Structure formats: C-alpha cells, structure tokens
Amino acid sequence: MIIRIVDAFTDRPFAGNPAGVLLLDAFPEDVWMQHVAREVNHAETAFAHPLPEGGAADWALRWFTPTTEVDMCGHATLATAHVLHTTGATEGPVRFATRSGLLVATPHPDGSITLDFPTAPLTEEPVPHAITEALGVRPVSAHDTGDAIGDLLVELADEQAVRDLAPDLAALARGSRRGVIATALAEDPAAGYDFVSRCFFPNVGIDEDPVTGSAHTALAPFWAARTGRDDLTGLQASARTGLVRVGLRGERTLLTGHAVTVVEGELHA
C-alpha cells in the first residue's frame, strides 16, 4: 500500500506539520495502525477508507499519534484531504466520519483547503500553579478547551514570551490532560498574522506540535472575543512554523491552509 508524508498548513516542503496518510479499503486492527503511527513517528498519522455512496459521509477517518489514538486532528485531516484531491480519489468537498463527528474539507482554486470543525467551548479557570511552574512564566489567563480538545489554553503577556518558552515537559504532563496551548497577540499585525501560539502535548507523545489545527478551534473564539473579528490568521511559532487562517462561525470554526506532499512510498508491513 502507498504511504505518504504530507506537510500541512504550509505551501512549501519541510515546514508546517508533517502527517502520515494511508488510504485503505477498510480499517485494519487498531494495534496495526498504532504500530504504523509509531513507525512514522510524526505527531499524527491518518488512516482513511471510502464509505458507501449515499451516506452522510464519504470517507471514514482516524488519527493516531506515536502513542495513542486521538479524537481530533486538524493538520492530518488537511493532509488527508490534500492526498484525496491531488491523487484524484475525490473531487470537491469531502465529508469525513470521525470520532469528532462529521468534518468537511473544501478545496479552493488556489490549492488551499478549508476544514469545517466544531468550535471548542472555552471555560476560564484560575491559572494552575503547576502550569506556571512548568512554563517558567505566569500566564495572564487560563481556559479549559473542553473534552474534545482536552488542552489548557493559556494567554501570555506578549509574543516574545510565547517564542521564548522552554517548558519543563515532565511537569507540564503532570499538570495537564493532553497538553497546553500558549498564545499571545501578535506584536505587529502587519507581519501577516494576528496572534501567535505554541502547543505542547507531552501526554500523547508530542513534546511540541509544529502546527495544530485542533488548537485553532479554541484560539479562534478566544481571539475573536478579544479583537472583535471573526476572521483571523494565526502563526504557530514552532521551529517549522505554519499559518492557519481561522473563521469563527458560531459553533463551527473554519480552518484554512495549504499542504504539500513530500514523501510517497510503499508500506511493506
């Protein structure tokens, strides 16, 4: 079978967030998919197979980190939609049946793809002392992102504070469920983005995720409330970096970005 590595939320190779993508006839055993995800060793590997025509969804989709299956993944969904469209496996919008419900990916003439995801519910809570200790800086505020995401979103004082983070990952794992989304307003909106973020998910085997689509379903309502704008662009300030255009539409959030296939080969296991 063909396995592909796709860089998502970027328009050039070796940036954005890499994901493994396998198109199958049906889902094999979970343990096999977990072994493949561990072998690929990227933040997520996506497994998809076509569904019968006439149903609510076109493809079934699941995502695995190197250590566990997850309920939602934006960049691996974008990568899968990119593979489906560039290989001619599908045309137009594609509907995915997932553990997070029905997710739709719509291609555009410029090569970008828009994902329609549920908006994460945000609940403000006191900043946990353990998170302050793990980050080495006290956040301005903290918000729970709900069960589907499972992260703690923390606002820092400024963009440089986000860029300078060097967290104690072991302590961060003890103080959070999946991990932490750190964010701040952009210092210079003329630079082409409105806010920055970095994402650390030690509890699912990802020390720092390069670009996190699911996190932006929480970042979109967070920054929309503070800026008064529903359409924004986020820069994830990891070493690889990536841009995510977000559009808050009430209970749904639109995530738009490009993707690039960088590896295509045969899986012999």
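Which residue forms a salt bridge with aspartate 116? Arginine 252 does, with the closest N and O atoms 2.7 Å apart. One caution before I go on: this is a predicted model.

Where do the two partners sit? Arginine 252 lies in strand S17, residues 252-257, and aspartate 116 in strand S8, residues 113-118. So the pair ties together parts that are 136 residues apart in sequence. Arginine 252 is partly exposed, at 28% relative accessible area. Aspartate 116 is partly exposed too, at 25%.

In total, the count is 16 salt bridges. Next, arginine 240 and aspartate 7. Their closest N and O atoms are 3.1 Å apart. This pair links distant parts of the chain, 233 residues apart. Arginine 240 is in the loop between strands S15 and S16, while aspartate 7 is in strand S1. Aspartate 7 is buried, at 2% relative accessibility. Arginine 240 is partly exposed, at 27%.

Aspartate 30 lies in helix H1 and arginine 62 in strand S4, so the bridge joins parts 32 residues apart in sequence. Aspartate 30 is partly exposed at 40%; arginine 62 is buried at 17%.

Now the cysteines. How many disulfides does the whole structure hold? The search finds 0. Take cysteine 73. Its closest cysteine sulfur is in cysteine 199, 11 Å away, so the gap is too far for a bond. Cysteine 73 is buried, at 4% relative accessible area. Cysteine 199 is buried as well, at 0%.

Definitions and conventions
Residues numbered from 1 in each chain as written. Predicted model: local features only at pLDDT ≥ 70, side-chain atom pairs only at ≥ 80, totals over all residues. Heavy atoms only, no water. Disulfide = S-S within 2.5 Å. Buried < 20%, exposed > 50% of the residue type's maximum accessible area, 1.4 Å probe, protein only. Salt bridge = Lys/Arg side-chain N within 4 Å of Asp/Glu carboxyl O. Helix = DSSP H or I, 4+ residues; strand = E, 2+ residues; numbered from the N terminus.
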